[in-house]
Amino acid sequence: MRPAPRLYIDAPLGEGAHALSPEHARYLGQVLRLKEGAELHLFNARDGEWVYTIAAMSKRGGEAEAQTQRRSPDPATDSPILFFAPVKRTQTEFLVQKATELGVVKLQPVLTARTIRDNLRIDRLESIAMEAAEQSERLTIPAICAPIDLKTLIDSPEPFVFCDEAGDQTSEPWGGSDGRAPLAPGTFQQTNQHPKGLLIGPEGGFTPEERDALRGCVHALPVSLGPRILRAETAAIVALTLWQASFGDLRSISS
């Protein structure tokens with residue numbers, strides 16, 4: 001038996017009936033082939049998650065009747081912010097999906113010298129984040145922000161981690177092995193900061209000038225993700241997982 005579908009609803013949930021939009025009715029009826037009486041779960045951050053049953057459905061919309069609250073709203077917890085240099089559209093969409101699954105509270109595009117400046121469709125990314133939240137049992141949807149430039153991030157007062165895979169030897173590929181940042185797991189264990197933001201660079205990495213500016217930023221913590229050069233979207237997944245294991249909800253699961 002397949003699990004009941006989950007739908008994010010940005011409207012009050014609770015006792016009584018709830019109207020279903022034509023889009024939701026179309027998805028439930030035509031895609032999932034659900035009938036009246038079928039169970040579905042509606043959720044948002046304010047009201048938690050509620051079990052409903054479909055009371056009526058047509059092409060113009062529908063109605064669902066509340067049964068019981070399945071989950072209360074989540075208590076406030078630390079969640080990471082992902083600062084990322086946009087890459088190609090498919091990879092950016094993949095990054096947004098996986099970052100949502102990994103619990104980010106906000107996704108902030110950052111424009112760097114080597115950023116692929118494809119037109120970012122914020123509405124499209126918001127839709128991807130919503131679908132990822134529905135599938136991953138989240139109650140919250142991460143915010144998708146308009147792009148900022150790297151200088152704006154550096155000038156902000158909040159501490160953040162930047163994934164620095166380059167060395168200091170300018171004549172060597174990727175700067176050689178000298179001057180590499182320390183590995184993230186050990187750095188996270190030893191730091192007395194609590195950096196909430198994670199910065200992932202563009203394809204090709206930061207320019208030497210950008211790297212110097214980041215290294216000179218007192219609230220930017222350089223870390224390495226290991227001996228291999230990772231794609232930007234892979235680096236985001238690794239960095240978020242390590243952050244959650246050190247500061248976030250993976251730590252509470254393991255403790």
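Six bridges tie S3 to strand S4 (residues 48-58), and these two run antiparallel; strands here are DSSP runs of E, at least two residues long, numbered from the N terminus, and two of them pair if DSSP finds at least two bridges between them. S3 and S4 make a hairpin, with three residues between them. For a spot to look at, leucine 42 sits opposite tryptophan 50 in S4. This is a predicted model, where local features need pLDDT of at least 70, side-chain atom pairs count only at pLDDT 80 or more, and totals for chains, interfaces and linings use all residues. Residues are numbered from 1 along each chain as its sequence is written, and side-chain values use heavy atoms, with hydrogens and water left out.

Now turn to S1 (residues 6-8), which runs parallel to S3 and is joined to it by three bridges. Arginine 6 stands opposite histidine 41 in S3, while tyrosine 8 has phenylalanine 43 as its bridge partner there.

Zoom out and you get an open sheet of five strands, ordered S1-S3-S4-S5-S2, with mixed pairing. S1 and S2 (17-20) sit at the edges with a single partner strand each, so one side of each has no neighbour in the sheet. From one strand to the next, the twist averages 40°.

Methods:
Helix = DSSP H or I, 4+ residues; strand = E, 2+ residues; numbered from the N terminus. Axes fitted to C-alpha atoms, helices over the stretch in contact; angles between N-to-C directions.
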